[in-house]
Amino acid sequence: MAPNSIHWFRKGLRLHDNPALREAVKGAGTVRCVYFLDPWFAGSSNVGVNRWRFLLQCLEDLDASLRKLNSRLFVIRGQPANVFPRLFKEWKISRLTFEYDSEPFGKERDAAIKKLAMEAGVEVIVKISHTLYDLDKIIELNGAQPPLTYKRFQTLISRLDPPEMPVETLSDSFMGRCVTPISEDHGDKYGVPSLEELGFDIEGLPTAVWPGGETEALTRIERHLERKAWVANFERPRMNANSLLASPTGLSPYLRFGCLSCRLFYFKLTDLYRKVKKNSSPPLSLYGQLLWREWRGNPICVRIPWDRNMEALAKWAEAKTGFPWIDAIMTQLRQEGWIHHLARHAVACFLTRGDLWISWEEGMKVFEELLLDADWSVNAGSWMWLSCSSFFQQFFHCYCPVGFGRRTDPNGDFIRRYLPILRGFPAKYIYDPWNAPESVQAAAKCIIGVHYPKPMVHHAEASRLNIERMKQIYQQLSRYRGLGLLASVPSTNGNGNGGMMAYSPGEQQPGTNNNNNNSHCESTQSSSAAQQQQRLQPPQQPPQQQQQQQHGRSNRHSHHSVCVCRLDTR
Amino acid sequence: MKGEEGGDSSPGNSSPEVCKKVRTQNTEDSEAGVASEFLDSDWARLPQELLLHIFQYLPLLDRAYASQVCRGWNQAFHMPELWRCFEFELNQPASSYLKATHPDLIKQIIKRHSNHLQYVSFKVDSSTESAEAACDILSQLVNCSLKTLGLISTARPSFMEVPKSHFISALTVVFVNSKSLSSLKIDDTPVDDPSLKVLVANNSDTLKLLKMSSCPHVSPAGILCVADQCHGLRELALNYHLLSDELLLALSSEKHVHLEHLRIDVVSENPGQHFHTIKKSSWDAMVRHSPKFNLVMYFFLYEDEFGPFFNDEIPVTHLYFGRSVSKEVLGRVGLHCPRLVELVVCANGLRPLDEELIRIAKHCNQLSAIGLGECEVSCSAFVEFVKMCGRRLSQLSIMEEVLIPDHKYSLDEIHWEVSKHLGRVWFPDMMPTW
């Protein structure tokens, strides 16, 4: 009896390079492609309208492509764990396929579904195609430990075989005898909902700067590669004012939703490089964007005593910090769903170690809501990195909320575009309008403190305070007693300690244990007698220590009770 | 376990574990023998010195559990040696993710152990309540003879929000009672000149370390008083506006010990601020008096405020530029900072720092650490720089974007060249392409 299959779309919203989908079709009698959507969550979830719209466009695109193969997409309202048993019975399913999801939340969900499937006698086939490499293999290669640093990750990658080639796009011929039974009322039962149906008010919503879908993705990748070869000759493009704007060749949201296969991108990039550079071997740096999203390194998270300040967080999230560079970026993020990666660095730094000293986890949540390409792990990892909560990373470079923007876009066009209220300011003052003389403000029809907020922090003072704090924290952790800033961060390059050792009289006498409950990320058994090699271990401490540790979802503080609902988990 | 229960019932889990820890250390007996002996064992008669030693390995919470086991252990818990050091953590749930020291514990400490305390610090979050709580505790440390006191703001400087008089009077209690303060950290507090006088009047013989960056109510005269009287001062941290020629001369006077470490923060309050200059002769006096001293300077200035700096030789050893600094200033650094050990530059304009780096390599022979953020250097110049510095560069933290490939080197080639000259594997620092 030819099996009846379900292919379960979560990410991987494409028909090209989709090995799991092919497994669903291969030798099957019927195939149904499903996507789960829980509409009740749309309004209350921590996911903004841009991400929903992008997703719905992806689903429409899938549906359209499947129609060409005499199939359809089945959008199911509800949760997989609740609905699958019914579907298994109703459709007499004996095979379930899906793409492997390495996100912590995804793994949990899939384990539960696998169990359900087993109980129902359904064969489950899982294929890796969201990442270039099998991440478990990498961990194995690293001695059963995830690589702690990105550098280490790159080294491991270079020892692996190249990624597998993308598989062929699902076609009529491959479908063969496999059919999809479609009812008359398919549209009503299983059609892709609209934004309004999900509870969004779309009045005045501008058209999407980033239209979702596989078709759009495949068009973009061609444009992207043309541009790369023509413009940069594969050199790293210099950051300029234009880079800040959304590009019609930008690919990150499409990679994140899986409209574009990373393997396809990888191989096309490689081919093009070889063609242009006459068959030379591409360097690892060529794949920078692709590799960063693979690194599930679980970097050691340093516990930093962040400030809890909802008011300040809100100002940052709502683009009311009084720093035009920061506010313009956050405005673009909210309006369009994408910002340049250096812009991300700028606002992330401002929120955390640069100025506001607010927890990176708060920033991560805001990005999750607004950013189209925020894969959970990448988002968390990047935030941890940027806030310098990631142990092996230098923290000295601070992005100035005035200077950095000014150097990137001296004329200030980016500011004027997203903060029209500041249009009247000349380039000289547009990054720090509070320093403009009253006459200039009046001429610009924008009085600072009235029409646009005053700066919420004094940057110089905040930087002074914060760099000192970071240094103290790191020195405590790395047990470095010297004066060097750089040497406070332990290096895995074996750089050793630089700087001169300072005599610190009156420091805590070793041997007497004063610490009650807050040691940063170390074992609490500290004593002079036990001068163990205090190499930090990935957080595995007794329960009372777990305040702010791994970015594992299940380890969030209890007071972060926000249900962060994700689109692809239905 | 025999022995008297002390006070409340034991919370349970930890004490058997503690026993287990001790037991495995002492296991000489055979298993059979131990069973019966265990109940009758020497636990209750374990000498206090041993208990103390063991307790020192335990974090406070576990020690507290252990103290509930019996009177003997309870007594041990309260031995003075275990209460020399304490860090009060004062946090409000609304403003911090961290736990706070339990108020009952604080009460106990003040009641039973305040005269044992010697090394004390207060970590407060950004709420005024926490800072006020710290001041309240300080005010009660009347029969304390502290050697170390640290007031640390973990987030925003909340001590500045406390009414000044409240803060000063609390601090004065400690100054007057301690009489043997060796180390004092009061950065970002409203300490003022009169309170420094009190400090000096009572602790001039013992004071070795004073950290008071960003204390806006102190004047140059106030700090000068400290330098004049506290001849044992070895470490000092303050803001540039407190630095004066007189201060440096006082620190270099014959009566004064060698200074080990002077940390100066140069912070711009308003754009276009004018900073005074320090005479070269004052710096020279410092170096003559304390040839090995470290001068650590952190700059947070606008580019056009550097006029008064680096025009003459200055004995700075660790230099940090927290904002953009111009090529010209870096050029002057190369000429006038022969003792430079570490240089960290957050940002510069977008013109290559080739000449400036080479000059630094040439003149700053002690340089062993360099960090470059948002700057640009051509690959060739960078390789030249590393070649000139050689293996003394133990810290080389260069953002990948800093290095501009040229006709001689590409990015991939450069890490080999640099590694060669450094004698170890080296890569630039990476920023994620998010």
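These legends go with a few close-up views of a predicted model. Residues are numbered from 1 along each chain as its sequence is written, while chains are lettered from A and ligands numbered from 1 in the order in which they are written. In this predicted model, local features need pLDDT of at least 70 and side-chain atom pairs count only at pLDDT 80 or more, with totals for chains, interfaces and linings using all residues, and side-chain values use heavy atoms, with hydrogens and water left out.

**View 1. A:D101 and A:R109 pair up in a salt bridge.** Their N and O atoms sit 3.0 Å apart. For a salt bridge, a side-chain nitrogen of Lys or Arg has to be within 4 Å of a carboxyl oxygen of Asp or Glu. Both partners are buried, A:D101 with a relative accessible area of 6% and A:R109 with 10%. (Buried is under 20% relative accessible area, exposed is over 50%, and partly exposed is in between, using a 1.4 Å probe and protein chains only.) The pair also belongs to a network of salt bridges, which links A:R10, A:K11, A:D101, A:E103, A:R109 and A:D110. Across all chains, a search of the whole structure turns up 35 salt bridges.

**View 2. A:E318 meets A:K320 in a salt bridge.** Here the closest N and O atoms are 3.4 Å apart. A:E318 is partly exposed, at 43% relative accessible area, and A:K320 is partly exposed too, at 44%.

**View 3. Over in chain B, B:D265 and B:R263 form a salt bridge.** Their closest N and O atoms are 2.9 Å apart. B:D265 is buried, with 0% relative accessibility, and B:R263 is buried as well, at 5%.

**View 4. A patch of negative charge shows up on the surface of chain A.** Its members are A:E196, A:E197, A:D201 and A:E203. To join a patch, a residue needs over 30% relative accessible area and no salt bridge; like charges are joined within 9 Å, and nonpolar side chains (Val, Leu, Ile, Met, Phe, Trp, Tyr) within 5 Å. Asp and Glu count as negative, Lys and Arg as positive, and His and the chain ends are not counted. A charge is placed at NZ of Lys, CZ of Arg, CG of Asp or CD of Glu. A:E203 lies in the loop between α9 (186–190) and α10 (214–232) of chain A. This residue is exposed, with a relative accessible area of 73%.

**View 5. A:K92 has a positive phi of about 55° without being a glycine.** Most residues other than glycine have a negative phi. Look for A:K92 in the loop between α4 (80–90) and β4 (95–99) of chain A. (Helices, H or I with at least four residues, and strands, E with at least two, are DSSP runs numbered from the N terminus.) At 60% relative accessibility, A:K92 is exposed.

**View 6. B:F310 is a non-glycine residue with a positive phi, near 65°.** You'll find B:F310 in the loop between β8 (294–300) and β9 (318–324) of chain B. B:F310 is buried, with 4% relative accessibility.

Note on methods: Areas by Shrake-Rupley, 256 points an atom, 1.4 Å probe, with all protein chains shown as cover.
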